[in-house]
Amino acid sequence: MAMNSLKPISLVTAKTALASDPDILSDFIAPTNTSVDGKLFTFTGMRGVLTKFPQNFTLTKATMNEFPALNGKSVSYAVLQYPADGLNPPHTHPRAAELLFLVYGSLEVGFVDTKNVLYTHNLQVGDVFIFPKGLVYYQYNPTQKSAIAISSFGSANTGTVSVPLSVFSTGIDDRILAKAFKTDLYTIQKIKSGFGKP
């Protein structure tokens with residue numbers, strides 16, 4: 001083969017960053033200095049939660065933080081309680097999809113995809129709705145009765161990014177927000193006053 005017929009070879013190196021639960025190489029991960037018995041695998045933080053009727057939206061969760069046995073299990077759980085006119089504001093979970101099961105009342109739910117298309121549905125008792133991982137969504141109880149839902153997540157540590165709090169209470173300059181929302185500084189400051197200054 002002649003030297004002039006050789007073609008240069010390009011090598012590409014790529015790095016990928018993943019934000020998900022680790023794959024574990026054991027049956028479970030026990031916290032250090034903890035005895036391993038049935039108590040490790042039992043979460044009691046939901047006891048009595050369904051006997052309370054809160055006046056504000058309330059989330060009782062069992063994630064890796066509250067229930068260390070979930071470490072490495074890629075699952076978590078939550079009970080969501082909505083009073084009349086209660087709202088779980090627009091938010092996202094960057095590390096997990098959410099599967100919501102409505103057990104009492106009714107809810108209006110919706111999410112926005114990456115093409116800015118809004119998908120909504122009115123849920124009744126027994127309905128199950130999936131919120132895709134990383135997309136912005138909300139849950140709203142438009143009735144004068146309470147509603148209760150149970151959610152499961154595909155991560156022991158879902159992460160939660162609240163859209164209103166992230167935008168209006170983190171110190172983003174008022175001028176930037178006014179331009180982004182095509183409004184004036186007074187309106188932005190009025191909205192921020194409802195969240196308290198960062």
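**Binding-site histidine, sheet and core**

Modeller: In this predicted model, the backbone oxygen of Pro89 lies 2.7 Å from a polar atom of the side chain of His91, a polar contact being a pair of N or O atoms within 3.5 Å in which, within protein, one must be able to donate a hydrogen and the other to accept it, while residues adjacent in sequence count only if both atoms are side-chain atoms. Because the model is predicted, local features need pLDDT of at least 70 and side-chain atom pairs count only at pLDDT 80 or more, whereas totals for chains, interfaces and linings use all residues. Residues are numbered from 1 along each chain as its sequence is written, and side-chain values use heavy atoms, with hydrogens and water left out.

Colleague: Is His91 buried or exposed?

Modeller: The classes are buried, under 20% relative accessible area, exposed, over 50%, and partly exposed in between, with a 1.4 Å probe and protein chains only. His91 has 4% relative accessibility, and therefore it counts as buried.

Colleague: In S10, which residue is the bridge partner of His91?

Modeller: His91 lies in strand S3 (residues 87-92), strands being DSSP runs of E with at least two residues, numbered from the N terminus. S3 and S10 run antiparallel and are joined by 2 bridges, and two strands pair if DSSP finds at least two bridges between them. In S10, the partner of His91 is Ser162.

Colleague: Which are the edge strands of the open sheet?

Modeller: The sheet has 5 strands in the order S6-S5-S8-S3-S10, with antiparallel pairing. An edge strand here pairs on one side only, and this applies to strand S6 (118-123) and strand S10 (161-162).

Colleague: At which residues does UniProt place the feature "binding site"?

Modeller: The feature comes from an unreviewed UniProt entry, and such annotations may be inferred rather than shown by experiment. Glu98, in strand S4, is in contact (heavy atoms within 4.5 Å) with residues including His91 and His93, leaving aside neighbours within four places in sequence. The record places the feature at His91, His93 and Glu98.

Colleague: Which residues of the largest nonpolar core touch the most other members?

Modeller: A nonpolar core is a set of buried Ala, Val, Leu, Ile, Met, Phe, Trp, Tyr and Cys residues joined through side-chain atoms within 4.5 Å. Ala149 is in contact with Tyr82, Leu100 and Leu107, among others, leaving aside its neighbours within four places in sequence. Of the 17 residues in the largest core, those touching the most other members are Tyr82, Leu100, Leu107, Phe131 and Ala149.

Definitions and conventions
Helix = DSSP H or I, 4+ residues; strand = E, 2+ residues; numbered from the N terminus.
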